[in-house]
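Here is my note on this model, in numbered points. Please keep the structure open while you read.

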Amino acid sequence: MDARELLNALHVAERLKDATRHCYTSGGRRESVAEHSWRLALMAFWLKDAFPEADMEKLLSMCLIHDLGEAFTGDIPTFVKTDADRKTEDTLLGAWVSTLPAPYAEEMRALYAEMNERQTLEARVFKALDGLEALVQHNESDIKTWAENEYDLNLRYCDDRVGFSPALTALREAIRADTIQKIKEADKC
């Protein structure tokens, strides 16, 4: 990628620094999509010993690019995002990816297809970690920022994504324990 193409791509990606998510940080401000993607990649890096057979470069790439569509649509919480929202995001993202030079456009299209199909180890690990990171962030935020449906959602979300891995199952259970503790402490106030 030449310098101008790189800068153009970075300018689009920079939008994720300003695209806020539904979740708040422990400091009380809305989390950005970029921050979510960064910590998701950090989670994958720290869990690499649990998946020695995984292609870590591919997994980290998935973590870094997975929410680039939100540079065009903003973040829509999972519990309100519709199929129409997904289609719009996919269309806008696909159009932008097509403007990238080879081999990046082809590589990104292949990664997005792999993530959507969730057949490979890397795609399944990515998808599980994507949901688990959101749960960790909710547990770190002030419970006053939670929507009413998130009390139940934080107890069951992602359960269907972790069963293939003892490490991810253990992480999900630890996150659930933190959620239960957070709700109990909030009930005391």
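1. Start with helix α5. At 1.5 Å a residue, its 16 residues should span 22 Å, and its end C-alpha atoms are 22 Å apart, which agrees. The expected span is 1.5 Å times one less than the number of residues. Helices here are DSSP runs of H or I with at least four residues, strands are runs of E with at least two, and both are numbered from the N terminus.

2. A word on the source. This is a predicted model: local features need pLDDT of at least 70, side-chain atom pairs count only at pLDDT 80 or more, and totals for chains, interfaces and linings use all residues. Residues are numbered from 1 along each chain as its sequence is written, and side-chain values use heavy atoms, leaving out hydrogens and water.

3. Which residues of α5 are buried? They are E89, L93, W96 and V97. Buried means under 20% relative accessible area, exposed over 50%, and partly exposed in between (1.4 Å probe, protein chains only).

4. The buried residues of α5 pack against α1, α4 and α6. Contact means heavy atoms within 4.5 Å.

5. Now turn to α1, residues 3-18. The helix has 16 residues and reaches 23 Å from first C-alpha to last, close to the expected 22 Å. Its buried residues are A9, V12 and L16. Their cover includes β2 (30-32), α2 (33-46), α4 (70-73) and α5 (83-98). At the start of α1, a side-chain oxygen of D2 comes to within 3.0 Å of the backbone nitrogen of R4.

6. The largest nonpolar core has 41 residues. Such a core is a set of buried Ala, Val, Leu, Ile, Met, Phe, Trp, Tyr and Cys residues joined through side-chain atoms within 4.5 Å. Helix α7 gives the largest share, eight residues. Those with the most contacts inside the core are L68, W96, M108, Y112, L129 and L132. Not counting residues up to four places away in sequence, L68 touches A13, L16, L93, W96, M108 and Y112.

7. Last, check S61 in helix α3. Is S61 buried or exposed? At 18% relative accessibility, S61 counts as buried. A polar atom of its side chain lies 2.8 Å from the backbone oxygen of E57.

How values were computed. A polar contact is a pair of N or O atoms within 3.5 Å; within protein, one must be able to donate a hydrogen and the other to accept it, and residues adjacent in sequence count only if both atoms are side-chain atoms.
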